[in-house]
Amino acid sequence: MGEMISTRVAYGQALEEFGSNENVYVFDADLKSCTMTKYFAEKYPERFYNVGIAEANMVDIGAGFAACGATALVHTFAIFASGRVYDQVRNNVAYPGLNVKVVGSHAGLTVGEDGATHQCVEDISLMRTIPGMTVIVPCDAHETREAARAILETAGPCYLRTGRGAVETVTDGFPGYRFEIGKGVTLTEGGDVTVIACGLMVQEALKAEKLLAAEGIHARVIDMHTIKPIDRELIIQAARETGAIVTAEEHNVIGGLGGAVAEVLAASYPVPMEFVGVKDTFGHSGAPLELLRQFGLTPEQIATCAKKAIGRKK
């Protein structure tokens, strides 16, 4: 079993590690101990600004720094990073194409006891509809570290989604694993069905692959860490070679990873498809793992949907 560490902690540590460039400025909305910008703040206090509980102001300040040539990273909970500041991100970051990275932590149901108001299951959808916005959802600590490095090296607007709870590190064990924005990673080979997952659902997809293998079903698992730009070639190849697709995400089934994959398939290579995610509903307060079970974000549900998609093959 890989190391258990949350993607938000891994991000904070990576930001400290890769943030030595004097052109990198970090902004936080009074949550540095939650978003984990505290590591950067301690090491580079002269380039860290706590804007306070004023998220819209924070994004605009970041945009101002970026307009002067800086790499600006703004941080808050995903519910605020996508919802409260949507207008500022759309008009003042993405429209002028500024080099601002919006990092939303505590995304999805696994915020847990904070309940429906803070369980953001719409952020991937909101951010990916903004023209020119890159959207990245890393699954574990290793991938988050690579993603943090990549966004610092890549110009332009970006949304990076991180989670609250510790998750198993799986990507560092795969031979030939390489993180590249816009390129999915095939973690297991299989010819019967493809499971395309992002975030913590990548780990659940790998468990589902074992459940299916026990029944003689060979599932391909793809880690689709970049939702936008989506890896069209990899999706079409998987559809051609396996003939059935399942998507799995800690997000509403409308508009997120599933929607992005479905758009590619509808335009290029339609095959039976099933969606694992939050079924267009709000979350509620509860223990994170129990919430995943209640809302069907489990290996068993992925396996069930995989069999359903296979059954729909002509």
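This is a predicted model: local features need pLDDT of at least 70, side-chain atom pairs count only at pLDDT 80 or more; totals for chains, interfaces and linings use all residues.
1. The nonpolar cores. The largest nonpolar core holds 56 residues, and those with the most contacts inside it are L73, M201, V246 and I302. Helix α9, which spans residues 201–214, gives this core its largest share, namely six residues. Apart from this core lies another one, of 49 residues, which includes A72, V93, I235 and A238. As general background, nonpolar side chains in soluble globular proteins tend to be buried together.

2. The surroundings of L73. Leaving aside residues up to four places away in sequence, L73 touches Y11, L15, V24, Y25, V26, F27, K101, I151 and L152. One of these, F27, returns below as a member of a ring pair.

3. Helix α13. This helix runs over residues 299–311, and its 13 residues reach 18 Å from the first C-alpha to the last, which is close to the 18 Å expected at 1.5 Å a residue. Its buried residues are P299, I302, A303, C305, A306 and A309. They cover an arc of only 165° around the axis, and therefore they lie on the same side of α13. What do the buried residues of α13 pack against? They pack against strands β10 (193–197), β13 (245–252) and β14 (273–278), and also against helix α9.

4. Helix α10. In this helix, residues 232–242, the buried positions are L234, I235, I236, A238, A239 and T242. The buried residues of α10 pack against β9 (185–188), β10, β11 (219–223), β13 and α11 (257–268). After α10 comes G243, whose phi is positive, near 75°.

5. The aromatic pairs. A search of the whole structure finds six aromatic pairs. In one of them, the ring centres of F27 and Y49 are 5.5 Å apart and the planes stand at 15°, so this pair is stacked. Because F27 belongs to strand β2 (residues 24–28) and Y49 to strand β3 (residues 48–50), the pair ties together parts that are 22 residues apart in sequence. F27 counts as buried, at 0% relative accessibility, whereas Y49 is partly exposed, with a relative accessible area of 35%. The rings of F40 and Y44 have centres 5.1 Å apart and planes at 50°, so that pair is tilted, and both F40 and Y44 are buried. Ring pairs also link Y25, F27, Y49 and F65 into a cluster.

6. Charges over rings. The charged end of R47 sits over the ring of Y44, at 4.4 Å from its centre. The charged end of K38 sits over the ring of Y39, at 5.5 Å from its centre.

7. Backbone angles to check. Most residues other than glycine have a negative phi, and most peptide bonds are trans. M36, a residue other than glycine, has a positive phi, near 70°; M36 is in the loop between α2 (32–35) and α3 (38–43), and is buried, with a relative accessible area of 7%. D280 is also a residue other than glycine with a positive phi, near 50°, and its place is in the loop between β14 and α12 (288–294).

Conventions: Residues are numbered from 1 along each chain as its sequence is written. Side-chain values use heavy atoms; hydrogens and water are left out. A nonpolar core is a set of buried Ala, Val, Leu, Ile, Met, Phe, Trp, Tyr and Cys residues joined through side-chain atoms within 4.5 Å. Buried means under 20% relative accessible area, exposed over 50%, partly exposed in between (1.4 Å probe, protein chains only). Helices (H or I, at least four residues) and strands (E, at least two) are DSSP runs, numbered from the N terminus. Contact means heavy atoms within 4.5 Å. The expected span of a helix is 1.5 Å times one less than its number of residues. The arc is that of the directions from the helix axis to the C-beta atoms. Rings of Phe, Tyr and Trp (its six-membered ring) pair if their centres lie within 6.5 Å; planes under 30 degrees apart count as stacked, over 60 as edge-to-face and the rest as tilted. A charge sits over a ring if NZ of Lys or CZ of Arg is within 6 Å of the ring centre and within 35 degrees of the ring normal.
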